[in-house]
Amino acid sequence: MSSFTTADNSSTEKFQHKARKRFGQNFLHDQNIIRRIITAINPQADDHIVEIGPGQGALTRHLLSSGARLDAIELDRDLAAHLQETLQQPGAGNSRFTLHQADVLKFDMAPLATTEQRMRVVGNLPYNISTPCLFHLFQYHALIKDMVFMLQLEVVERLAAQSGDDDYGRLSIMTQYYCQVEQLFTVPPGAFTPQPKVNSAIVRLTPYETLPMPAHDLKCFRNVVRTAFNQRRKTLKNSLRGLITAAQLTDLSIDVNKRPENLSLSDYVLISNTISSAT
C-alpha cells in the first residue's frame, strides 16, 4: 500500500525530498504517464479542480497551466511548504491556486464548492487509505463532477467488478451506487521512484447527477451491504438473518441460498428499501 505522488523534474536541483515510508510515498517520474494522466483529466480554464496529494507538483503545474481554479490538499508538511513557496507566494502568478495542508480524511470538501460549478477531484490517493478516502468523497457526490485517481490496480478492479466476479464486494457496490466507473489505463512499477511492488491504474469515477437506484434510507443501505459482506462466505439467509427474514427475501424473488457476491446493486437497494419501509 503506497501513496503515489508526483515528482517535479524541473525543480529537482532546488528541492530534494526523500520518499517517506510512513506516508508510503513513491514518486511518479515518468513524463509520458504524467502526460497521459493530464490528457485523461483534460483540465479546462473554467474548471474547479481539487487535487489530493500533489506531492512535488508535477501534475499540479499542468493543471494550473490550463487556467483552472485549483485547490490542493497535501498532508506532508515539507511538500506543502515547497508547493506554497513555489506556487502560492506573491509573484508566482497562480492566484487561482490554494494549498491546504491537511489530512484529506478529515477535510471538509463542502466549503470549497461554489454554486456555479461542481468540483473535479483528481490525484494519487494514498493506497493505505484509498477505500476510506473514497467513502469520504462519496459524501460530497452531489458537489463533484468527476474524479480521476491513480490507485492500486487491484483496487480499481474492485471498483469496477460486477456481481459474480471474484473482486466484487462492498467497495464495488458503494462506488457503483454513486458513480459510473471507467478503468482508463495501467501504470507499471517502473514509473515510480522507489519502485512499488504493485501495478497501478488510472480510473475515472463520474458521480450520477440523479442516483439511478436511490435507497430510501442510506444508513440502512450501508448497513445491509456491510453486514452481508462481513460474512460473505455465508448464504444470504444466514448473513442477513438479523435484518430480514428468509421469507421476505423469497417474496422479493431473491434466492436465499445465494451468497453476497451474487447479488446486484439493485438487489441490495431492494432489500434495504424493504427493511426501511417496515420500520
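The model is predicted, so local features are given at pLDDT of at least 70 and side-chain atom pairs at pLDDT 80 or more, while totals for chains, interfaces and linings use all residues. Residues are numbered from 1 along each chain as its sequence is written, and side-chain values use heavy atoms, with hydrogens and water left out.

The structure holds 5 salt bridges, a salt bridge being a side-chain nitrogen of Lys or Arg within 4 Å of a carboxyl oxygen of Asp or Glu. One of them joins E209 to R118, with 3.6 Å from N to O. E209 lies in the loop between strand 10 (200–207) and helix 7 (218–230), and R118 in the loop between strand 5 and strand 6, so the pair ties together parts that are 91 residues apart in sequence. Here E209 is exposed at 73% relative accessible area, whereas R118 is partly exposed at 26%; buried means under 20%, exposed over 50%, and partly exposed in between (1.4 Å probe, protein chains only). Helices (H or I, at least four residues) and strands (E, at least two) are DSSP runs, numbered from the N terminus.

Another salt bridge links R204 with E182, whose closest N and O atoms are 3.4 Å apart. Because R204 belongs to strand 10 and E182 to strand 8 (residues 179–187), this pair ties together parts that are 22 residues apart in sequence. R204 is buried at 19% relative accessibility, while E182 is partly exposed at 41%. D71 and R69 also form a salt bridge, with 3.7 Å between the closest N and O atoms; D71 is buried at 3%, and R69 is partly exposed at 25%.

A polar atom of the D103 side chain lies 3.0 Å from the backbone nitrogen of L105. D103 and D76 are 27 residues apart in sequence, and their C-alpha atoms are 8.9 Å apart in space.

Finally, E154, E157, D165, D166 and D167 form a negative surface patch, where patch residues have over 30% relative accessible area and no salt bridge, with like charges joined within 9 Å and nonpolar side chains (Val, Leu, Ile, Met, Phe, Trp, Tyr) within 5 Å. Of this group, E157 is found in helix 5 (residues 153–160) and is partly exposed at 33%.

Technical notes
Accessible areas come from the Shrake-Rupley method with a 1.4 Å probe; for residues, only the protein chains shown count as cover. Lys and Arg count as positive and Asp and Glu as negative; His and the chain ends are not counted. The place of a charge is taken as NZ of Lys, CZ of Arg, CG of Asp or CD of Glu. A polar contact is a pair of N or O atoms within 3.5 Å; within protein, one must be able to donate a hydrogen and the other to accept it, and residues adjacent in sequence count only if both atoms are side-chain atoms.
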